[in-house]
Amino acid sequence: MSEQTRVGNDDLLHSYSENLLGVYGMPQTVLVRGEGCRVWDADGREYLDLLAGIAVNALGHAHPELVSALTQQAATLGHVSNFFASPAQISAAETLNQILPVHGKVLFVNSGTEANEAALKVARAHRSGGRIVALRNAFHGRTLGSLSVTWKPAYREPFEPLIPGVDFIEATTAALTQAMSEDVAAVIVEPIQGEAGVIDLPTDFLKRARQLADHYGALLILDEVQTGIGRTGDWFGFSASGIIPDVVTMAKGLGGGFPVGAMALLTPAAQQALDTGMHGTTFGGNPLAGAMVQATLKTILKEGLLDHARLLGAAWSDELIQLPQVSSVSGRGLLLGVHLAPGISAKAVSKAMFEHGIIVNAPTEQVLRLAPPLIINKTECDQFTRALSVWEVN
Ligand SMILES: *Cc1c(COP(=O)(O)O)cnc(C)c1O
């Protein structure tokens, strides 16, 4: 069918179901355009985007700095393979090192799950045959390695046997203390469990994890795929804890919408694990990705979006918690879990919000996740708060 004869969502979704694999179910709509925190569908309906492509579009849609970085790079040099370096890749790694708590070594990959795959290989190379300690409710990705440290049985079970030697524990310092020993290669943790419903770690969990990993010579891997790159109002979810992890994985917000991930190795133990030839990927950190990483990080700095995300997120959370529809709010900065009062279905609210022109998502039956572009303003936040405040409470 030619573009001219496509009239709208119905035609496009019909073709979607004919041509695309159904792993995502039927999409809610077909989005054709975006600007700032707004997107428009093929029928011309406007939406306020409070999901940002699942915590990806840190600078919103069609940010001029990103448009110019990508088009300039595409017109100069698009891809070279890792047989060659490019200034864009090198500058992106330098910029990433400026936001990390210590100078590290960076490997660029193409997604969150790939960043975690790389981290798991670092762990196994660091301590051959070692166990991996992961948390209940963890989500680290859908490829077989990352899936092995992902908790949700529905995601895991059809693909078993997965990688052996993974122990899932409760996210408590007591459980962690008990799980650790000399045969643990790594502990892998999300600073806030995003997919599980924006679950905060207990205070001091990361500090204790650092101590225990040091004591047993294990690596501490922090999965910052969702929490990193300013999402929580700091560069990283672990920033406030003051610890230095061995390995940090990133993706979602890193390229401002361009598919790119990264693994940063911050300690000598982690940096020594992989020798030349032990890992790699064709696209990893190509010039286009490099240009987008650099533009995203620089723009977050230039526009003061860390402070903005921290302050606006805190104020929004304070307002939401006042609503009778809300029982608690978890998360930090602009990654918030709105836990609804008993009897209110998050899936039903999310569906009604969509019909009302607001995109949010319900990672669980009780929780709405807010992960808007970091450039969102107070008026846009208020639009959601108002819409939720009129939901009927029994
Ligand atoms: C989304 C996510 C991943 C997986 O990233 P993909 O790019 O979808 O592979 C891994 N870890 C966390 C914490 C995530 O939120």
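**Reading the labels in a predicted model**

User: Where is the place of His 61?

Analyst: His 61 is in the loop between helix 2 (52–55) and helix 3 (64–74). Keep in mind that this is a predicted model.

User: Why is His 61 called buried?

Analyst: Buried needs a relative accessible area under 20%. His 61 has 17%, so it counts as buried.

User: Which residues does His 61 touch, not counting those up to four places away in sequence?

Analyst: The list is Gly 34, Glu 35, Gly 36, Arg 38, Val 39 and Asp 49.

User: What makes the His 61 and Asp 49 side-chain pair a polar contact?

Analyst: The distance is 2.7 Å between the two side chains.

User: How do you know whether Thr 29 is buried or exposed?

Analyst: Set its 14% relative accessibility against the 20% limit: Thr 29 is under it, therefore buried. Thr 29 is in the loop between helix 1 (9–19) and strand 1 (31–35).

User: Which side chain makes a polar contact with the side chain of Thr 29 at 3.1 Å, and which at 3.0 Å?

Analyst: Asn 9 is the partner at 3.1 Å, and Asp 41 is the partner at 3.0 Å. Both values fall within 3.5 Å, so the distance criterion holds for each. Leaving aside neighbours within four places in sequence, the contacts of Thr 29 are Asn 9, Leu 13, Asp 41, Tyr 47 and Phe 354.

User: What does Gly 337 touch, not counting residues up to four places away in sequence?

Analyst: Gly 337 touches Val 198, Ser 328, Val 329, Ser 330, Val 367 and Leu 368. By contrast, take Gly 337 and Met 180: they are 30 Å apart in space, C-alpha to C-alpha, and 157 residues apart in sequence.

User: What is phi of Val 198 near?

Analyst: Phi is near 55° there, a positive value in a residue other than glycine. Val 198 is in the loop between strand 8 (192–193) and strand 9 (199–200). With a relative accessible area of 0%, under the 20% limit, Val 198 is therefore buried.

User: Is the peptide bond from Glu 160 to Pro 161 cis or trans?

Analyst: The bond is cis, with omega near 5°. Pro 161 lies in the loop between helix 7 (153–156) and strand 6 (166–169).

User: Over to the ligand. Which residues are around the ligand?

Analyst: They are Ser 111, Gly 112, Thr 113, Asn 116, Phe 139, His 140, Gly 141, Glu 190, Asp 223, Val 225, Gln 226 and Lys 252. By class, the shell has two nonpolar, seven polar and three charged residues. Helix 5 (residues 112–126) gives the largest share, three residues.

User: How far does a polar side-chain atom lie from the ligand for Lys 252 and for Asp 223?

Analyst: For Lys 252 it's 2.6 Å to a ligand oxygen atom; for Asp 223 it's 2.7 Å to a ligand nitrogen atom. A backbone N or O atom of Phe 139 is 3.3 Å from a nitrogen atom of the ligand. Taken alone the ligand exposes 380 Å², of which the protein buries 81%.

User: Which residues touch the most other members of the largest nonpolar core?

Analyst: Trp 316, Phe 384 and Leu 388 do, in a core of 81 residues. Helix 11 (residues 287–302) supplies the largest share, seven residues. A second, separate core has 19 residues, including Ala 118, Ala 119, Ala 185 and Met 263. In soluble globular proteins, nonpolar side chains tend to be buried together.

User: What is Leu 388 in contact with, leaving aside its neighbours within four places in sequence?

Analyst: Its contacts are Leu 320, Leu 323, Gln 325, Val 326, Val 338, Leu 340, Val 349 and Met 353.

Methods:
Residues are numbered from 1 along each chain as its sequence is written. This is a predicted model: local features need pLDDT of at least 70, side-chain atom pairs count only at pLDDT 80 or more; totals for chains, interfaces and linings use all residues. Side-chain values use heavy atoms; hydrogens and water are left out. A residue is near a molecule or strand if one of its heavy atoms lies within 4 Å of it. A polar contact is a pair of N or O atoms within 3.5 Å; within protein, one must be able to donate a hydrogen and the other to accept it, and residues adjacent in sequence count only if both atoms are side-chain atoms. Accessible areas come from the Shrake-Rupley method with a 1.4 Å probe; for residues, only the protein chains shown count as cover. Helices (H or I, at least four residues) and strands (E, at least two) are DSSP runs, numbered from the N terminus. Ala, Val, Leu, Ile, Met, Phe, Trp, Tyr, Cys and Pro count as nonpolar, Asp, Glu, Lys and Arg as charged, and the others, Gly among them, as polar. A nonpolar core is a set of buried Ala, Val, Leu, Ile, Met, Phe, Trp, Tyr and Cys residues joined through side-chain atoms within 4.5 Å. Buried means under 20% relative accessible area, exposed over 50%, partly exposed in between (1.4 Å probe, protein chains only). Contact means heavy atoms within 4.5 Å.
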